[in-house]
Amino acid sequence: MDYAKIISAAARDMRPSGIRKFFDIAAEMKDCISLGVGEPDFKTPWTVRDAGIRSLEKGRTWYTSNSGLAELREETCNYLSRRMGLSYTPGETVVTVGGSEAIDMCIRALVNPGDEVIIPEPCFVCYYPITTLTGGVPVPLPLKAENGFKLTAQELEAAITPRTKLIIFPFPCNPTGAVMRREDLEPIAALLRDKDIIVLSDEIYAELTYGGERHVSIASLPGMKERTVVVNGFSKAYAMTGWRLGYACGPEPIIKVMTKIHQSAIMCAPTTSQYAAVTALRRCDADIEAMRSEYDMRRRFLVSSLNRMGLDCFEPEGAFYAFPSIRKTGLSSEEFCEKLLFGKKVAVVPGNAFGDSGEGHVRISYSYSIGHLSEALHRIELFLQELGM
């Protein structure tokens, strides 16, 4: 049997994840400190865990509707109105297996073979392979550190062609921590209002913004709701990564098609997780604030330490990552990470894992305790001193 002919070219050509490579090595290494994983170190709030336990005790173990519990979709809409200033109905909402499934369904629902998808980078690793698997054409749009890795209307306009179908909007950004404020969004919205292009706004880190300003969704700007699909979830804001629960909100015709794909591929999101998420939305605003405050302290400590060592690092305003430049070392991103890992047993992620424009940087997560970060930074500083910095 000729498996090369059976397996699609798209599946063969997907780039391996540099995140997974270094994570796997670090996991096997004794006394290694990892700053590579994008996962909260907080436990899921007890009120949420208790709600999941109670749903099991009551025997709520059946499928839910394909689009998710009506109660959860209603609470999701209430949450988005209260926290983000967005107005959606349950009919414009589908509950998914994590934000990643929502991204996958949105791209599959909208992108036909040959359609172009503009992907600002550095970015989350799943956008490229999902686009490729649909037959779409990823169009990388490199962002600049000197602009705080923000997207400008001029850069976007230059990337748009008659074949552009979708624009990925990855803010707050993994891996850079970049945030788009209202004044950054308005020129982009003005550019897109008269174009037949949909925006996929990945807002999984929306609750993790710093500096006193709350997240602003591009869907909240005039004329943008009808051309935007907002993806969000419970993993980051509520420390619920293992519960695997997300959602998408957008124009009802698009959400209906996404739900059909979800119905055929998944059936429904985990029932226990959905009942727990209702409680998260209703009762955990204070938990979000407490976790964000802790992340903010770690963020300031990490960034100031990196700059003091000589690794130039712009101030990330969102998510829980720093993206310092390592060009002064003379090493490539992968060389830096490998030498640091095997020499000092500290794992960080090479910037080129997030697109070619990430070369010359590394991603460092601060979703770890101050003690964990302090020891890792001590080892990084010793490593840099050995390199002559």
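Predicted model: local features only at pLDDT ≥ 70, side-chain atom pairs only at ≥ 80, totals over all residues.
I started with Ala319, which sits in the loop between H12 and strand E9 (321-322). Helices here are DSSP runs of H or I with at least four residues, strands are runs of E with at least two, and both are numbered from the N terminus. Residues are numbered from 1 along each chain as its sequence is written, and side-chain values use heavy atoms, with hydrogens and water left out.

Ala319 is not a glycine, yet I get a positive phi of about 60° for it. Its relative accessible area is 0%, so I log Ala319 as buried. My cut-offs are under 20% relative accessible area for buried, over 50% for exposed, and partly exposed in between, with a 1.4 Å probe and protein chains only.

Arg244 also has a positive phi, about 55°, without being a glycine. I find Arg244 in the loop between E7 and strand E8 (246-249), and at 31% relative accessibility it is partly exposed.

Then I went through the cis peptide bonds. One joins Glu121 and Pro122, with omega about 5°; Pro122 is in the loop between strand E3 (116-121) and helix H7 (127-133). Another runs from Phe171 to Pro172, with omega near -10°. Pro172 belongs to the loop between strand E5 (164-169) and helix H9 (182-192).

A cavity, on a 1 Å grid over the protein atoms alone, is a set of points where a 1.4 Å probe fits but cannot get out; a pocket is an open set with protein on both sides within 12 Å along at least five of seven lines; lining residues have an atom within 4 Å of a point. Grid points are joined across faces, edges and corners, and the volume is the space filled by probe spheres set on the points.

The whole structure gives me 3 cavities of 30 Å³ or more. The largest cavity comes to about 60 Å³, and its lining includes Phe171, Pro172, Ser201 and Glu203. By class I get 8 nonpolar, 3 polar and 1 charged residue in that lining. For the classes, Ala, Val, Leu, Ile, Met, Phe, Trp, Tyr, Cys and Pro are nonpolar, Asp, Glu, Lys and Arg are charged, and the others, Gly among them, are polar.

I also checked the second largest pocket, at about 160 Å³. Helix H4 (46-57) and helix H11 (271-283) are the elements that give two or more residues to its lining, and H11 gives the most, with 5. The lining has 3 nonpolar, 2 polar and 6 charged residues, with Arg54, Lys58, Glu71 and Arg282 among them.

The Glu203 side chain does make a polar contact of 2.7 Å with the side chain of Ser201. That term means N or O atoms within 3.5 Å; within protein, one must be able to donate a hydrogen and the other to accept it, and residues adjacent in sequence count only if both atoms are side-chain atoms.

Glu101, in helix H6 (residues 98-110), is likewise buried without a salt bridge, with Arg108 the nearest opposite charge at 6.1 Å. I noted a side-chain polar contact of 2.7 Å between Glu101 and His262.

**Salt bridges**

My count is 26 salt bridges. In helix H12 (residues 285-309), Glu294 and Arg298 are 4 residues apart, about one helical turn, and they pair at 3.1 Å, N to O. Glu294 is partly exposed at 24%, whereas Arg298 is buried at 3%. Asp296 and Arg300 bridge at 3.6 Å; Asp296 is buried at 18%, while Arg300 is partly exposed at 48%. I also wrote down a salt-bridge network linking Arg82, Arg83, Glu207, Arg214, Asp285, Glu289 and Arg292.

Key
Lys, Arg positive; Asp, Glu negative; His and termini not counted. Salt bridge = Lys/Arg side-chain N within 4 Å of Asp/Glu carboxyl O.
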